[in-house]
Amino acid sequence: MALTDLPLDDLRTFRPDVAEPEDFDAFWERTLTESRALRTPSTLVLAETPIDQLIVEDLTFSGFGGEPIRAWVTRPKDETPRAAVVQFIGYGGGRGLAGEQLQWAAAGYVHVFVDTRGQGSSWGSGGDTPDPHGSAGAAPGFMTRGIDSPDTYYYRRVFTDAVLAIDAVREFAFVDPSRIAVTGGSQGGGISLAAAALHPDVAAVMPDVPFLCHFRRSVELTPVLPFPEIVRYLAVHRGEVDNVFRTLSYFDGVNFARRITAPALFSVALMDDVVLPSSVFAAFNHLASGDADIEVYPFNGHEGGQAVQWLRQTSWLAERF
């Protein structure tokens, strides 16, 4: 890919008019109210792992429709209420094995690594959360499942799971509920934007190369999967273009960014051919937050800043927590 899809100076002012449905807030309020009414108590079980310098626990909590969602909770070996980092996973990955993710806990945080329903079989060490919902015909992958309606779209369930994960984390005696951050890379970054917009107790958001932003531009211009799944679907369902993009407008990271007032630290990679830099800046430039920064990696692709960005996050978060 070329250096970027727009020059960096243009990216910094790129604030496109992205369609937003009139009932966006009502849709999400209804969605969350319905699933919260079906919540059952969370469970925490000590995980089987050779790691003995940290506590690693297997969390099950109620997500969309009251359905069980799995996560790993990794934390220092005491009960002192600590800041928590809730992390969401990139496209196709799962929560993996107990103890695979140790960095945040080793840095003194409660780390909650949330599984993504139905995923976990494309890379990594697997997932443990099914998605017990069918859909009408879809292209291979997750991007077009239930895309004929916002009520049936796959990411309605995923984003609801993310918000209800925050509900569960707030109830832990070892978490300071005033210091909960959300983060994730790619799909995980897109999920973190939704969680930060929809849950008032998210105190910081750190999306890396966030996916699921500015759907129309991303679908039309992104050369590498997963956005081309939607292209493939629309190439067959030729009369559904308007309806599909109406559905996607309820899940666009730009529309969530407009509602985020918490401190935000983004990252973007200018050689990214999976998540266009312009789509990241479209969300970043619409943030309602008065405390926002973005790290730019000019010569990286979708891998972004990796450990370098994590170090940036730790110093940034320490200043705020």
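**Pockets, cavities and the sheet**

Mentor: Sorted by class, the residues lining the largest pocket are 14 nonpolar, 20 polar and 4 charged, and the model we are reading them from is a predicted one.

Trainee: How much space lies in the largest pocket, and which residues are the closest to its centre?

Mentor: The space in the largest pocket comes to about 820 Å³. Its lining is made up of 38 residues, and those closest to the centre are Gln 87, Trp 123, Gly 184, Gly 185 and Asp 208.

Trainee: Which element gives the largest share of the lining of the largest pocket?

Mentor: Two or more lining residues come from each of strand 4 (82–88), helix 3 (103–106), strand 5 (110–114), strand 6 (175–185) and helix 11 (306–320). Among these elements, the one with the largest share, at 5 residues, is helix 11.

Trainee: Which strands does helix 11 lie across, and at about what angle does it run to strand 7?

Mentor: Helix 11 lies across strand 4, strand 6, strand 7, strand 8 (264–269) and strand 9. Relative to strand 7, helix 11 runs at about 170°.

Trainee: Which residue in strand 7 stands opposite Gly 185?

Mentor: Strand 6 and strand 7 (residues 204–208) run parallel and are joined by 5 bridges. Gly 185, which is among the residues closest to the centre of the largest pocket, has as its opposite in strand 7 the residue Asp 208.

Trainee: What are the edge strands of the open sheet?

Mentor: The open sheet has 9 strands in the order 1-2-3-5-4-6-7-8-9, and its pairing is mixed. An edge strand here pairs on one side only, and this holds for strand 1 (43–46) and strand 9 (292–297).

Trainee: Which element gives the most to the lining of the second largest pocket?

Mentor: The second largest pocket holds about 160 Å³ of space, and of its 13 lining residues the closest to the centre are Val 18, Ala 19, Arg 216, Phe 245 and Ser 249. Helix 6 (215–221) and helix 8 are the elements that each give two or more residues to this lining. The one that gives the most, with 4 residues, is helix 8.

Trainee: Are helix 7 and helix 8 roughly parallel or roughly antiparallel to each other?

Mentor: The axes of helix 7 (residues 228–236) and helix 8 (residues 241–249) come within 10 Å and cross at roughly 150°. Angles over 145 degrees count as roughly antiparallel. The two helices, helix 7 and helix 8, are therefore roughly antiparallel.

Trainee: How many nonpolar residues does the contact of helix 7 with helix 8 have?

Mentor: On the side of helix 7 the residues are Ile 230, Tyr 233 and Leu 234, and they meet Val 241, Val 244, Phe 245 and Leu 248 in helix 8. No polar and no charged residues are found in this contact, and the number of nonpolar residues is 7.

Trainee: Which element gives the largest share of the lining of the largest cavity?

Mentor: The largest cavity has about 50 Å³ of space, and its lining includes Phe 88, Val 114, Asp 161 and Ile 191. By class, the lining residues of this cavity divide into 5 nonpolar, 1 polar and 3 charged. The largest share of the lining, 3 residues, comes from helix 4.

Definitions and conventions: Residues are numbered from 1 along each chain as its sequence is written. This is a predicted model: local features need pLDDT of at least 70, side-chain atom pairs count only at pLDDT 80 or more; totals for chains, interfaces and linings use all residues. Side-chain values use heavy atoms; hydrogens and water are left out. Axes are lines fitted to C-alpha atoms, for helices over the stretch in contact, and angles run from 0 to 180 degrees between N-to-C directions. Angles under 35 degrees count as roughly parallel, over 145 as roughly antiparallel, 65 to 115 as roughly perpendicular and the rest as oblique. Contact means heavy atoms within 4.5 Å. Ala, Val, Leu, Ile, Met, Phe, Trp, Tyr, Cys and Pro count as nonpolar, Asp, Glu, Lys and Arg as charged, and the others, Gly among them, as polar. On a 1 Å grid over the protein atoms alone, a cavity is a set of points where a 1.4 Å probe fits but cannot get out, and a pocket is an open set with protein on both sides within 12 Å along at least five of seven lines; lining residues have an atom within 4 Å of a point. Grid points are joined across faces, edges and corners, and a volume is the space filled by probe spheres set on the points. Two strands pair if DSSP finds at least two bridges between them.
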